[in-house]
Amino acid sequence: MTWDNAIESYKTYLILEKSLSSNSVEAYLNDINKLAKYCADKHNVKIPDEVTYDILKDYLIFVSEIGVTNRTQARCISSIRSFFKFLVFDGKLENNPTRLLEAPKIGRKLPNILTVEEIDSMLNAVEMYKPEGQRNKAIIEMLYSCGLRVSELIDIKLSNINFRMGIVKIEGKGNKERVIPMSKNAKEEIKRYLKVYRDYLDIEKDYEDVLFLNKRGTALSRVMVFNIIKHLAKRAGIKKNVSPHTFRHSFASHLVSGGADLRAVQDMLGHESILTTEIYTHLDDRYLKDTINKFHPRAKENTEAEK
């Protein structure tokens with residue numbers, strides 16, 4: 001069994017059985033291809049059967065020494081584990097050399113969030129005199145009110161929006177569908193966008209059902225949405241690093257701080273594990289701590305004493 005044969009089988013497994021997105025599949029395969037090259041160049045190991053725990057350990061030391069971050073190292077180990085676990089499961093290997101591999105410790109980094117006032121200031125910064133102004137306003141409302149990934153936003157279909165019920169069907173990672181309620185503001189801004197902008201576009205074939213379009217009548221790109229958000233954040237005078245994903249973090253954090261059930265937030269975000277969603281409880285803890293330090297008399301006394 002050559003590396004090429006093993007990797008091709010693994011690719012089929014990731015696509016058909018794991019239903020991973022093309023970006024995720026590419027990331028997994030990239031990690032395995034790098035390992036295969038290292039094994040061949042440094043250890044003259046040209047088939048996966050000959051890979052040992054010691055070789056994998058050497059590879060991870062090599063990866064660490066060239067300056068790869070702990071987070072990327074952890075992802076790399078996850079890819080390697082998945083690959084060899086698949087080979088064992090598929091009967092191509094008897095022993096799994098990754099069994100004793102340990103991932104580096106990763107500190108949990110709390111994401112940036114926007115306040116409601118900052119989101120409002122970005123909405124007010126939209127240049128409504130421009131033809132695409134209403135579209136951009138609707139984009140912000142959808143990102144914030146539904147907690148969408150940018151890839152989900154640009155793939156929204158008109159046929160998946162039910163205005164009467166106030167819901168939108170989203171296709172997330174791994175082609176998994178979920179239904180999310182839309183805010184009143186989001187519904188109104190989308191209806192206005194359809195009426196004043198989209199209805200006047202010369203829409204290209206195959207894009208008739210795509211919600212958000214550019215002036216050429218085709219779908220928006222991820223880069224376009226990033227640029228729109230960066231531009232509006234700058235116009236609103238916001239110094240934070242703001243991206244489309246910041247609205248997703250803000251959506252979740254505001255729900256949790258408002259008392260929403262964590263399972264409900266998990267479903268709306270499309271997280272496979274509740275552990276991923278739990279980061280927003282830590283974010284809320286930080287907000288509460290900051291609030292106490294800022295406003296509580298005893299906390300103020302402690303702060304003065306520390307100076």
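**Salt bridges in a predicted model**

Arginine 235 counts as partly exposed, at 46% relative accessibility. The model that contains this residue is predicted. Across the whole structure, a search finds twelve salt bridges. Three of these pairs, with the accessibility of their residues, are set out below.

**Arginine 235 and glutamate 127**
- A salt bridge joins arginine 235 to glutamate 127, with 3.8 Å between the closest N and O atoms.
- This pair links distant parts of the chain, 108 residues apart: arginine 235 belongs to helix 9 (residues 222-235), while glutamate 127 sits in the loop between helix 5 (116-124) and helix 6 (133-146).
- Glutamate 127 has a relative accessible area of 11%, which is under 20%, so this residue counts as buried.
- A network of salt bridges links Glu127, Lys130 and Arg235.

**Arginine 75 and aspartate 31**
- The side chains of arginine 75 and aspartate 31 form a salt bridge, at 2.7 Å from N to O.
- Because arginine 75 is in helix 4 (residues 70-89) and aspartate 31 is in helix 2 (residues 22-43), the pair ties together parts that are 44 residues apart in sequence.
- Aspartate 31 is buried, at 3% relative accessibility, whereas arginine 75 is partly exposed, at 37%.

**Glutamate 177 and lysine 169**
- Glutamate 177 and lysine 169 form a salt bridge in which the closest N and O atoms are 4.0 Å apart.
- Glutamate 177 has a relative accessible area of 53%, which is over 50%, so this residue counts as exposed.
- Lysine 169 is partly exposed, at 31% relative accessibility.

Methods
Residues numbered from 1 in each chain as written. Predicted model: local features only at pLDDT ≥ 70, side-chain atom pairs only at ≥ 80, totals over all residues. Heavy atoms only, no water. Helix = DSSP H or I, 4+ residues; strand = E, 2+ residues; numbered from the N terminus. Buried < 20%, exposed > 50% of the residue type's maximum accessible area, 1.4 Å probe, protein only.
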